[in-house]
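The following report takes up surface and strand features of the structure shown here.

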Amino acid sequence: MARLDINALGASGLRTSGAFVIEEWQPQLTGLAGIRTYRQMRDNDPLIGAALFAIESLIGGVEWNAEANQTARGALRAQTEADFVNGCLADMTHTWRDHVSEALTMLTYGWAYHEIVYKYRRGRSPDPLKSSAYSDGRLGWAEIPLRMQASLYGWEFEPTSGRTLGMHQWTLQRGAAYIPEEKAVHYRTGYNGGNPEGRSLFRNAYRAWYYQTKLEEIEAIGVERDLAGIPLIEVPEALLDPAAGENERALLQSFADLGARVRQDEQAYIIMPAEKSLDPTGKEVSSGYKFSLLGTTTRKTFDTNAIIQRHTSRIAMTILAEFLLLGSDSSGSWALSEDKTSLFGEAITGVLDRIADSFNAQAVQPLMRLNGVPEPYWPKLTHGSVGKKGLEVLSDYIQKLVSSNVITPDDRLEAFARSSGKLPDMDPQTARAHVAPTLDQQPADQKPAETGS
């Protein structure tokens, strides 16, 4: 029987050069140039900005909660550890919502790297990184801030396997710094062979965005030219003579400067010889100097608006935000809007799952190990549903399960339903007991059959 080699025989195949990833073939999207390009797309394009705002708004309303391990034998200990993690989330120098907002920058750049800063929970302190609302002496999180993508100075890779070991950073405040993976939460839109830079949500939209931007610039210049016209300056023919003297050339340049100043954005003008005519004696004379605006009245061959709209639609398609365009061109139905927003919501749920998975593996589990908590009692960070639609689906789901006797309502189910709908907690003093209906209150088809005497 052949002996099984349990060690890795190959590597991820990720192409790197020193401390940098060279998977991207588009020069404008590599390294710091790519970071600047993606930021320009995020900050300047109205559709991309609207899509990101929609994502952040929907995710901002999602509830997060560390849930106890229900399979643990010690239910009380498991719930205690879940409460501990929830307390740590609320005991940082920033809010959990702020952390999620920074984590969502991975959608723009493909990745987001957060350094975990720990503290001992020993009560209040003048130092915000040491201050805590708790004094149990356990190790908690002081903050988990983003190390901005533009500060990337390179990655550290394991020589044999190519696995990412950490991030090298350069900042004006601290110079060079190295942040290992075991002290960070590394969010990525996709794993892609272990690529630490993931893949930007806008990668497939780049080509459409590039042409749309250029066409909009050309269209704006063309509209301005049509409205203002091109300056036309007529001068004596002697000024345009190649053999003209220095004085004539200086005078011609002064008129050129005049034409350029008429157009502050694009320097466009025409200088041509003045008209000639014959005087009463039959002598040819020039009409002298003239200034006018030469307008354009011809219709353009191409409909630039339709071309730009096509590229805009492609951008929306690549980021699943087509519902933002419904109604902008007097087309689209409510049913179509429902389908597209539902797909958008599913994509957002996938982003939430990725955030939860990364945080559990890279933040919650190390925190449990550092505090000496046995693995069976480790909690998991979970997220709620996206928007009101998720709440409607959840309520309908619970109702069907209860009415079909698949599950029986109890206090835990009620607490979950109240939490999901942001309802107040049950008050034991005012809670109404569940009373079984009397015989007269039961439906006719559920009453026991009467027996004869």
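## Surface patch and strand pairing

Tyr153, Trp170 and Leu172 make a nonpolar surface patch of about 440 Å², where patches consist of residues with over 30% relative accessible area and no salt bridge, nonpolar side chains being joined within 5 Å. This is a predicted model, in which local features need pLDDT of at least 70 and side-chain atom pairs count only at pLDDT 80 or more, while totals for chains, interfaces and linings use all residues. Residues are numbered from 1 along each chain as its sequence is written, and side-chain values use heavy atoms, leaving out hydrogens and water.

Leu172 lies in the loop between β9 (164-171) and β10 (175-180), and it counts as exposed because its relative accessibility is 83% (exposed means over 50%, buried under 20%, with a 1.4 Å probe and protein chains only).

Strand β5 has a covered face made by Val117 and Lys119, and an uncovered one made by Tyr118 and Tyr120.

| Strand | Partner | Bridges |
|---|---|---|
| β3 (residues 64-67) | β17 (residues 380-383) | four bridges |
| β5 (residues 117-120) | β6 (residues 139-143) | four bridges |
| β4 (residues 111-115) | β11 | five bridges |

Within these pairings, Trp64 stands opposite His383 in β17, Val117 opposite Glu143 in β6, and His114 opposite Val185 in β11.

How values were computed
Patches are made of residues with over 30% relative accessible area and no salt bridge: like charges are joined within 9 Å, nonpolar side chains (Val, Leu, Ile, Met, Phe, Trp, Tyr) within 5 Å. Accessible areas come from the Shrake-Rupley method with a 1.4 Å probe; for residues, only the protein chains shown count as cover. A salt bridge is a side-chain nitrogen of Lys or Arg within 4 Å of a carboxyl oxygen of Asp or Glu. Helices (H or I, at least four residues) and strands (E, at least two) are DSSP runs, numbered from the N terminus. Two strands pair if DSSP finds at least two bridges between them.
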